[in-house]
Amino acid sequence: MAGRFAPRPTRTTVRGGHVAVPAGVPRQSTGPGRVRTWVPDGPLDLGLVLGPLRRGPGDPTFRAAPDGSVWRASRTPAGPGTLRVSAYGGEVRGEAWGPGAERLLERLPELLGAADDPSAFEPRHRVVAMARHRRPGLRLTRTGLVLESLIPSVLEQKVTTVEAYRAWRLLVRKFGEPAPGPAPERMYVMPEPRAWALIPSWEWHRAGVDNKRASTILRAVRVAARMEEAVGMTPEAAQARLEVIPGIGPWTSAETVQRSHGAADAVTVGDLHLPGIIGWALAGDRSADDAAMLELLEPYAGQRHRAARLILLSGRVPPRRAPRMPVGDIGRL
C-alpha cells in the first residue's frame, strides 16, 4: 500500500518544499500573453518542484490556483514578469506576461527541473528510499535568479518562519509592484534593487526586520549585478561570492543556490532543526549536530541536498520536547 496515497502535508514536509497544488484541468487564462509548451522526460509534480520558491502561504509572489496551475511573479534582468505554469496530460504549458515574459519562458524547462538528473541519486537508507518512491515527481528547480532567493533567505536568518514570511509579505506588497498580466489578485513582483536600498529604516522595523538583517540586504542589493553574475558559476563558487558580503554565511548561501542553481549537493549547515531531523531519521539521534549530519549524508556526496529534502518530505521528525519558539514582533517596540 506504500506510495498508493500521497502523504498528508506537515510543517516538516512543507519545509521540504511541498506545496499542495489542487488537482484539476487547468483553464486557459484570459488576456494575451506569450505561450510555451514543454514535455518533461519523466514524472513531474509542480507542487514539489516549485514548492521551495514559496515563502509562506501568503507569499505575494507565488500562488497555487484552484485549477491546478501555479503562478509566479519574478523580477528578471529584462524586467518584471508573471508566469503561469500548468501540467496536464504529460505536457506542461507556460504562459507569461510583462517585460520579463520571454526570459521566463526561455528558462521554463530549467525552472521545472530539466537540468536536474534524479537518476544520479541512489538511496542508501530505507527512509530515503520510501520517500523517493512516494515522490516520483520531485526535481530540483533552477531559477537562474539570485536576489529573489537571497533576500528572503536573509530575512529567515535566526527568526521563526512566521516572522520571516510576514516580513517578506509586507515589504514586497508595500515596495514591490503589481504582477503584470491577468495575475491573481494581490500578486506582486519583488522590489528592484534600488527600491530595496531606499526602504526607510522605520519600514524595516515595522516589518519586524532587525538592523542586522536589513543591513545585510542593503549590502547585497548595492552589488546586485555582481550577485546575479553568480548564476553562471558553479554552486560552490557562487556560494563563495555570496559569502563575501558581511552577514551572508554558509546557511544563507546554501539556501540561495539550492534554488538559483538547483544545487543538488548544497547542504544547509548552521540550521537549528535540520541536523536533529536528519540524525533522527537516519540514526535515531535527535541531538545530532552539523558534523554528525554531514557524516550521515556522506554516502550521498554530490546529492546531499536531494537526500535532505527527501528526509524532510518523509515527515519523520523526533518527538517535540519543548514548546515552539515564540513568535516575536519588533515592530511593536
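Trainee: What are we looking at, and how are residues numbered?
Mentor: This is a predicted model, where local features need pLDDT of at least 70, side-chain atom pairs count only at pLDDT 80 or more, and totals for chains, interfaces and linings use all residues. Residues are numbered from 1 along each chain as its sequence is written, and side-chain values use heavy atoms, with hydrogens and water left out.

Trainee: How many cavities of 30 Å³ or more does the structure hold?
Mentor: Two. A cavity is a set of points on a 1 Å grid, over the protein atoms alone, where a 1.4 Å probe fits but cannot get out. Grid points are joined across faces, edges and corners, and the volume is the space filled by probe spheres set on the points.

Trainee: How much space lies in the largest cavity?
Mentor: About 120 Å³.

Trainee: What lines the largest cavity?
Mentor: The lining has 15 residues. Lining residues have an atom within 4 Å of a point. L53, T61, R72, E148 and W168 lie nearest the centre.

Trainee: Which element gives the most to that lining?
Mentor: β3, with four residues. β3 (70-76) and α6 (147-155) each supply at least two. Helices (H or I, at least four residues) and strands (E, at least two) are DSSP runs, numbered from the N terminus.

Trainee: How does the lining of the largest cavity split by class?
Mentor: Six nonpolar, three polar and six charged residues. Ala, Val, Leu, Ile, Met, Phe, Trp, Tyr, Cys and Pro count as nonpolar; Asp, Glu, Lys and Arg as charged; the others, Gly among them, as polar.

Trainee: What about the second largest cavity?
Mentor: Its volume is about 60 Å³. Its lining includes R72, R103, R107, R142 and E148. By class, that lining has four nonpolar, one polar and five charged residues.

Trainee: Back to T61. Where does T61 lie?
Mentor: In the loop between α2 (46-50) and β2.

Trainee: Why does T61 count as buried?
Mentor: Because its relative accessible area is 9%. Buried means under 20%, exposed over 50%, and partly exposed in between, with a 1.4 Å probe and protein chains only.

Trainee: What does T61 touch?
Mentor: Leaving aside neighbours within four places in sequence, its contacts include W71, R72, W168 and Y188. Contact means heavy atoms within 4.5 Å. The side chains of T61 and D59 also make a polar contact of 2.8 Å. A polar contact is a pair of N or O atoms within 3.5 Å; within protein, one must be able to donate a hydrogen and the other to accept it, and residues adjacent in sequence count only if both atoms are side-chain atoms.

Trainee: Switching to S69. Is S69 buried or exposed?
Mentor: Buried, because its relative accessibility is 1%. S69 sits in the loop between β2 (62-64) and β3. Its side chain makes a polar contact of 2.7 Å with that of D67. Not counting residues up to four places away in sequence, S69 touches R63, A64, R84, V85 and S86.

Trainee: And where is T252 found?
Mentor: In helix α13 (residues 250-260). T252 is buried, with a relative accessible area of 3%. Beyond neighbours within four places in sequence, T252 contacts L150, S153, V154 and Q157.

Trainee: Which residues touch the most other members in the largest nonpolar core?
Mentor: L150, W196, W204, V209 and I217, out of 34 residues. A nonpolar core is a set of buried Ala, Val, Leu, Ile, Met, Phe, Trp, Tyr and Cys residues joined through side-chain atoms within 4.5 Å. Among the helices supplying at least two residues of this core are α6, α7 (161-175) and α13. Apart from it lies another core, of 21 residues, among them V128 and Y300.

Trainee: What about R186?
Mentor: Phi is near 65 degrees, again a positive value in a residue other than glycine. R186 lies in the loop between β6 (177-178) and β7 (188-189). R186 is partly exposed, at 44% relative accessible area.

Key:
On a 1 Å grid over the protein atoms alone, a cavity is a set of points where a 1.4 Å probe fits but cannot get out, and a pocket is an open set with protein on both sides within 12 Å along at least five of seven lines; lining residues have an atom within 4 Å of a point.
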